[in-house]
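Subject: Structure for you to look at

Hello,

Here is the structure I promised to hand over. Please open it beside this email and read along.

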Amino acid sequence: MRYRVSVRVMPKAGISDPEGKAIHDAALQLGYREVANVHAGKSFEVDGDYESEALARETVEALAARLLANPVIETFVIVDVEEVR
Amino acid sequence: MIGIVVFPGTNCEFDVQGAYHELGVESVLISHHEQHLDDYEAVVIPGGFSYGDYLRTGAIARFSPIMGAVTRYAESGGKVLGICNGFQILTEAGLLPGALQRNAGLRFICGEVKVRVEQNRSILTREMTVGEELSLPINHFEGNYTADAETLERLEAEGQVVLRYLENPNGSANDIAGVANVDGNVVGLMPHPERAGLGFGLSEQARSMLRSVLAPAGTSLAS
């Protein structure tokens with residue numbers, strides 16, 4: 001079965017986020033004064049063939065920990081696992 | 001003989017080669033496919049944009065075949081110097097603590113910076129004096145040195161901060177421009193000593209710095 005695992009990588013709390021800050025500044029400049037914070041991260045869709053949804057999740061979780069996120073500055077979550085035809 | 005590691009997208013290998021040639025030290029370029037490094041006096045990972053800086057700077061290079069060899073070489077006491085992208089690769093590989101993020105203010109910076117030598121027991125600074133200041137070129141977008149508070153405290157306590165900016169150009173924590181591992185045999189820095197005065201002769205201080213890598217003294221940071 002083919003699954004698509006969606007992973008979101010975000011800067012760790014307490015770690016500076018220059019990209020998020022620049023976007024926040026731009027939002028304020030555009031007049032969106034209610035915007036209190038912007039955090040910029042990355043989003044990945046990893047498609048692969050696995051025997052089960054659980055295995056797809058587990059494998060991509062390991063991949064995210066090794067490659068997609070740098071644990072020194074980032075955290076990640078598996079946002080979604082879905083079957084793809 | 002020193003080895004200079006070349007990944008797809010590395011672009012400072014000839015600057016490093018030229019600088020060491022000027023010091024009378026010969027070098028060879030080593031492909032990222034290579035898996036053995038044992039014969040070199042030192043290994044330099046030069047600057048550039050390995051693998052297009054995709055994902056994160058150094059994130060892909062860190063898994064290429066040569067990095068297994070670099071890790072074994074470093075763990076057996078071999079001298080490893082990472083400059084700019086080389087520094088980023090060494091942090092991604094876990095051979096140096098911390099990470100290099102995008103510069104504060106999202107500015108690509110290219111120019112000269114002043115740095116101070118904070119530690120002269122690392123392979124980069126053994127021929128230099130603590131407190132010595134020098135000018136070096138910088139050229140990067142991701143040079144903002146970042147680590148959690150605990151790691152920063154440990155780095156300072158263990159004397160692993162090798163170089164510090166006099167005026168912070170990129171948001172780096174504690175103005176850090178270069179760090180060493182605990183044994184001092186692996187060092188990474190964002191500035192480019194190999195390019196200091198390139199074409200007009202290396203500056204004396206840049207010579208001391210690059211020559212330090214090959215100096216015979218012990219490498220432990222423990223005093």
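Below is what was found, chain by chain.

This is a predicted model, in which local features need pLDDT of at least 70, side-chain atom pairs count only at pLDDT 80 or more, and totals for chains, interfaces and linings use all residues. Residues are numbered from 1 along each chain as its sequence is written, while chains are lettered from A and ligands numbered from 1 in the order in which they are written.

**Chain A**

Chain A has two helices and three strands. Helices (H or I, at least four residues) and strands (E, at least two) are DSSP runs, numbered from the N terminus. Along the sequence the pattern is β-α-β-α-β. The radius of gyration of chain A is 16 Å, well over the 12 Å that the globule rule gives for 85 residues, so chain A is more spread out than a compact globule. That radius is taken over C-alpha atoms, and the rule is 2.2 Å times the number of residues to the power 0.38. The C-alpha trace of chain A spans about 50 × 30 × 15 Å along its principal axes.

Of the 85 residues in chain A, 16% are buried. A residue is buried if 20 or more other C-beta atoms lie within 10 Å of its own, exposed if 12 or fewer, and partly exposed in between; the C-beta atoms are placed from the backbone.

The strands of chain A form an open, antiparallel sheet in the order β2-β1-β3. Strands count as paired if DSSP finds at least two bridges between them. β2 (42-49) and β3 (74-83) of chain A are at the edges with a single partner strand each, so one side of each has no neighbour in the sheet. Neighbouring strands are turned by 20 degrees against each other on average, direction ignored. Axes here are lines fitted to C-alpha atoms, for helices over the stretch in contact; angles run from 0 to 180 degrees between N-to-C directions.

Strand β1 (residues 2-11) of chain A pairs with β3(A) over nine bridges, in the antiparallel sense. Val9(A) sits opposite Phe76(A) of β3(A).

Helix α2 (residues 53-68) of chain A lies across β1, β2 and β3 of chain A, at about 35 degrees to β1(A). Contact means that the C-beta atoms of two residues, placed from the backbone, lie within 7 Å. Arg57(A) belongs to this helix, α2 of chain A. Is Arg57(A) exposed, partly exposed or buried? Arg57(A) has 16 other C-beta atoms within 10 Å, so it is partly exposed. Leaving out residues up to four places away in sequence, Arg57(A) touches Val5(A), Ile78(A) and Val81(A).

**Where the chains meet**

The contact takes nine residues from chain A and 15 residues from chain B. Helix α1 (residues 18-29) of chain A gives the largest share of the chain A side, three residues. That side divides into six nonpolar, two polar and one charged. Ala, Val, Leu, Ile, Met, Phe, Trp, Tyr, Cys and Pro count as nonpolar, Asp, Glu, Lys and Arg as charged, and the others, Gly among them, as polar.

**Chain B**

Chain B has five helices and eleven strands. Buried residues make up 55% of the 223 residues of chain B.

Look at strand β4 (residues 80-83) of chain B. Both of its faces are covered: Val80(B) and Gly82(B) are buried on one side, Leu81(B) and Ile83(B) on the other. Strand β3 (residues 42-45) of chain B runs parallel to β4(B), joined by three bridges. Ile45(B) has Gly82(B) as its bridge partner in β4(B). Four bridges join β4(B) to strand β11 (residues 186-189) of chain B, again parallel. There, Leu81(B) is partnered by Val187(B).

Next, the helices. In α1 (residues 13-22) of chain B, the buried residues include Val16(B), Ala19(B) and Tyr20(B). The buried residues of α1(B) pack against β1 (2-6), β2 (27-31), β3 and α5 (204-212) of chain B. In α5(B), Met209(B) and Leu210(B) are among the buried residues. Just after α1(B), Gly24(B) takes a positive phi of about 80 degrees.

Best wishes
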